[in-house]
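Here are my notes on this model, as numbered points. Please read them with the structure open.

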Amino acid sequence: MNCKFHPGNESVVKCATCGVDMCDVCDKNAYYYTENEEAICLECSLKAAEKDLVDKEEDLKVEKKQGLIASIIWIVGVCLLPLGGFGILVMLGAAIFFFKSALLFSEENDFFEKIKQVLWNIVLITLLCPFVVLFLILVDKRDIKRLMKKIESIKKSLSLTE
C-alpha cells in the first residue's frame with residue numbers, strides 16, 4: 001500500500017486515529033501523536049488542532065469572566081485593608097474564587113501536591129490578583145495564536161498532498 005498523503009511513498013504505519021496508510025515522512029513529521037507516541041495523520045491532526053483551539057477559546061472566556069470578578073473582589077479587599085483583617089480575608093476570597101478549580105482539575109495525582117499548588121496560587125493571587133489574571137489571559141491568547149498557526153500549517157500540508 002502507498003501513503004494517502006504521499007502516494008509515491010510506501011506505507012509504513014497507519015494513523016492511530018482513523019487507520020489510513022502513512023509513509024515514514026508522515027510518521028516522523030506528524031503534528032499530533034497519541035499517548036503511546038503513535039502518529040496521527042494530517043486530517044485527524046487538523047480535527048484535533050481545531051478542537052484544541054475551540055477548547056482553549058472557551059477556557060479563555062471563562063478565565064476572563066472569573067478574572068474580572070476576582071479582580072473586583074481583590075480591589076474591594078485592598079480598599080478594606082485599613083479596617084484590619086477583613087480586607088485581607090476579602091483578598092483571600094478573591095484568590096480562592098479565581099483558583100477554585102485548581103484543586104479540582106489539577107493533573108497532579110498526589111493530594112498533597114495539589115494542596116501545595118493551590119496554596120501557592122492563593123498566596124500569589126492574594127498579593128497580585130489583577131496582574132496574575134492579566135498574565136494568564138495573555139498566556140492563553142498566545143496559546144490560541146500558536147494553535148491557529150498550527151492549524152494553518154496542517155491545512156497547508158494537506159493542500160500540498162492533494
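**Notes on helix 5 and its surface**

1. M148 is partly exposed, at 42% relative accessible area. The class lies between buried (under 20%) and exposed (over 50%), with a 1.4 Å probe and protein chains only. This is a predicted model: local features need pLDDT of at least 70, side-chain atom pairs count only at pLDDT 80 or more, and totals for chains, interfaces and linings use all residues. Residues are numbered from 1 along each chain as its sequence is written, and side-chain values use heavy atoms, without hydrogens and water.

2. M148 sits in helix 5, residues 111-161. Helices are DSSP runs (H or I, at least four residues), numbered from the N terminus. A49 is 99 residues from M148 in sequence, yet their C-alpha atoms are 8.2 Å apart.

3. K64, K141, K145, R146 and K149 form a positive surface patch. Patch residues have over 30% relative accessible area and no salt bridge; like charges are joined within 9 Å, nonpolar side chains within 5 Å. A salt bridge puts a Lys or Arg side-chain nitrogen within 4 Å of an Asp or Glu carboxyl oxygen. Lys and Arg count as positive, with the charge placed at NZ of Lys or CZ of Arg.

4. Helix 5 gives the largest share of the positive patch, four residues. K145 lies in this helix. K145 counts as exposed because its relative accessibility is 59%.

5. W120, V123, L127, L128 and F131 make a nonpolar surface patch of about 560 Å². Areas are Shrake-Rupley values with a 1.4 Å probe. L127 belongs to helix 5. At 57% relative accessible area, L127 is exposed.

Technical notes:
Helix = DSSP H or I, 4+ residues; strand = E, 2+ residues; numbered from the N terminus.
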